[in-house]
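Here is a short briefing on side-chain pairing and helix packing. Have the model open while reading.

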Amino acid sequence: MIDRLWRHWVARPGVDWLITALVVGGHLAAVRITGGGDLLGWPGREQRIVVYTTTATVAAIIGSFSTAAVTLYAAATGPRMRALRTDPVQGPQFRRNWTSILSGTLVVSGLCLLAVVLDVTKQDPGGAHWLAEAAAVLGVARAMRLVWLFEKIIAGGDIDLADGREEARRPGA
């Protein structure tokens, strides 16, 4: 069941937006109902700004990891990676995932920088810190997607490498 849900999530990068809306919307509702639990609303403006800029920086670093992953994907030349790239279903899914990760890191950084610009008062009555929370949740979802893609590429490359070794060991090769 969990594996099926995971595969469904990976096949549709747009699910990350739904997850973000549900988590942040649920948290916002809980804060409004209970009057507590607003983690980014408690600290002063200076500390919130540090959180926003740190989140934007981490997103940019993760974006650089995703470009490294794309490089691994493009450099992999084994039969499994070739089959993946040319598969009419999985090939486009992989490409959509790469694009979603790269665009997601830009959105996360942009939302955090927008929160820096909009959060101008001591208590943030306008709620700019909710932008940063949404950015963080989206960033976590996209980072999980990146880890999954890295794992698949590394595993596929390792299997292709092992197959190449066995072919080299065969008599007459």
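Which side chain meets glutamate 151 in a salt bridge? The partner is lysine 152, at 3.8 Å from N to O. The model is a predicted one. The count of salt bridges comes to four.

**Salt bridges**
- Glutamate 151 is partly exposed, at 42% relative accessibility. Lysine 152 is partly exposed too, at 37%.
- Aspartate 16 pairs with arginine 142, and their closest N and O atoms are 2.4 Å apart. This bridge joins helix H2 (residues 15-34) to helix H6, across 126 residues.
- Aspartate 16 also forms a salt bridge with arginine 145, at 2.8 Å from N to O. Arginine 145 lies in helix H6, 129 residues from aspartate 16 in helix H2.
- Aspartate 16 is buried at 0% relative accessible area. Arginine 145 is buried at 0%, and arginine 142 is buried at 5%.

**Aromatic pair**
- The count is one aromatic pair. Phenylalanine 94 and tryptophan 148 have ring centres 5.8 Å apart and planes at 45°, so the pair is tilted.
- Phenylalanine 94 sits in helix H5 (residues 90-118) and tryptophan 148 in helix H6 (residues 128-169), so the pair ties together parts 54 residues apart in sequence.
- Both phenylalanine 94 and tryptophan 148 are buried.

**Helix packing**
- The axes of helix H3 (residues 45-75) and helix H4 (residues 79-86) come within 9 Å and cross at roughly 105°. H3 and H4 are therefore roughly perpendicular.
- Tyr73, Ala74 and Ala75 of H3 meet Met81, Leu84 and Arg85 of H4.
- That contact has five nonpolar residues, no polar residues and one charged residue.

Definitions and conventions. Residues are numbered from 1 along each chain as its sequence is written. This is a predicted model: local features need pLDDT of at least 70, side-chain atom pairs count only at pLDDT 80 or more; totals for chains, interfaces and linings use all residues. Side-chain values use heavy atoms; hydrogens and water are left out. Rings of Phe, Tyr and Trp (its six-membered ring) pair if their centres lie within 6.5 Å; planes under 30 degrees apart count as stacked, over 60 as edge-to-face and the rest as tilted. Helices (H or I, at least four residues) and strands (E, at least two) are DSSP runs, numbered from the N terminus. Buried means under 20% relative accessible area, exposed over 50%, partly exposed in between (1.4 Å probe, protein chains only). Axes are lines fitted to C-alpha atoms, for helices over the stretch in contact, and angles run from 0 to 180 degrees between N-to-C directions. Angles under 35 degrees count as roughly parallel, over 145 as roughly antiparallel, 65 to 115 as roughly perpendicular and the rest as oblique. Contact means heavy atoms within 4.5 Å. Ala, Val, Leu, Ile, Met, Phe, Trp, Tyr, Cys and Pro count as nonpolar, Asp, Glu, Lys and Arg as charged, and the others, Gly among them, as polar.
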